[in-house]
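Trainee: Please take one part of this model and go through it closely. I would like the helix packing first, then the backbone features in the loops.

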Amino acid sequence: MEPALKILPDVSGEIAGRSLEEWNAAYVKVENYFHALRIRNKPLLGQLVLRVLERAQRRAPEEPKRTATEIAAEEMDRIVTDWFAQVLQTSPIGSEQTLSTRGRLALLLADMPGKWQDQFLRPGPWPQEFVDSMRESFFRAGPDFQLSKMTPRPLDLGPITTLTNFGRMPYVRMTVVWTGFALLLVALFWLTHGGFDTVNAQFQGVIDWFKQNG
């Protein structure tokens, strides 16, 4: 019979040669992983986390240079990958990473969190509908499957962008641009406040002078 999970520390204040802080960090790591797979059933979530930590505790004394979190993460991925292999009838040997990645994606495509949460990491036999859905989703999540990506594009702010870009110009060029901009404003003000009338009046005066003295 396999030893049960140790919860209380020994006389040294440790569990399987690791501090309580290490095991707490490992617990959080594993729990977050299952949360990412959308396991929301609290009793099920607790059982799965403790199952992983139990296996990690059995390995810990033999691997003193590794943290509890590292060992727990490996055991977590191993448990999930082995389960994928059983459900999907696929050998995990030589394809652990691919099986793990495609299997997790298949869980979401098959809506495991919504329909089959009670079947997750459960030994077979499983409902045939669940198995069929997982296998179909697994093939859909094959090597050619690609998640769509949106390439960020710069915002077009119109005149604001143009004015902002002025600040990036060298000092002399920026001065010339702002001077031209100021002259343009003066010209617009002059034209909208009787500028043409003044020119016309002066031009008409010149014509009248030539008529009188011609």
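**Helix 3 and its surroundings**

Mentor: Helix 3 covers residues 68-88, a run of 21 residues, and spans 30 Å between its first and last C-alpha, close to the 30 Å expected at 1.5 Å a residue. The model is a predicted one. Directly after helix 3 comes Gln89, whose phi is positive, at about 55 degrees.

The packing partner to consider is helix 2, residues 42-59, whose axis comes within 8 Å of the axis of helix 3. The two axes cross at roughly 125 degrees. An angle from 65 to 115 degrees would count as roughly perpendicular, and one over 145 as roughly antiparallel; helix 2 and helix 3 are therefore oblique to each other. The crossing of helix 2 past helix 3 is right-handed. On the helix 2 side, the contact is made by Arg51, Val52, Leu53, Arg55, Ala56 and Arg59. On the helix 3 side, Ile71, Ala72, Glu74, Glu75, Met76, Arg78 and Ile79 take part.

As for the setting, the protein chain holds nine helices and two strands. Of the 214 residues in the protein chain, 28% are buried. Contacts between residues at least 6 apart in sequence include 59% that join residues at least 24 apart.

Now the loops. Ala16 sits in the loop between strand 1 (14-15) and strand 2 (18-19). Its phi is near 55 degrees, a positive value in a residue other than glycine. With a relative accessible area of 14%, Ala16 falls under the 20% cut-off and is therefore buried.

The loop between helix 5 (112-115) and helix 6 (128-140) contains Pro125, and Leu121 is placed in that loop as well. Leu121 is not a glycine, yet its phi is positive, at about 60 degrees. The relative accessible area of Leu121 is 5%, so this residue is buried. Pro125 is joined to Gly124 by a cis peptide bond, with omega about 5 degrees.

Definitions and conventions
Residues are numbered from 1 along each chain as its sequence is written. This is a predicted model: local features need pLDDT of at least 70, side-chain atom pairs count only at pLDDT 80 or more; totals for chains, interfaces and linings use all residues. Side-chain values use heavy atoms; hydrogens and water are left out. Helices (H or I, at least four residues) and strands (E, at least two) are DSSP runs, numbered from the N terminus. Buried means under 20% relative accessible area, exposed over 50%, partly exposed in between (1.4 Å probe, protein chains only). Contact means heavy atoms within 4.5 Å. The expected span of a helix is 1.5 Å times one less than its number of residues. Axes are lines fitted to C-alpha atoms, for helices over the stretch in contact, and angles run from 0 to 180 degrees between N-to-C directions. Angles under 35 degrees count as roughly parallel, over 145 as roughly antiparallel, 65 to 115 as roughly perpendicular and the rest as oblique. A crossing is left-handed if the near helix is turned anticlockwise from the far one by less than a right angle, and right-handed if clockwise.
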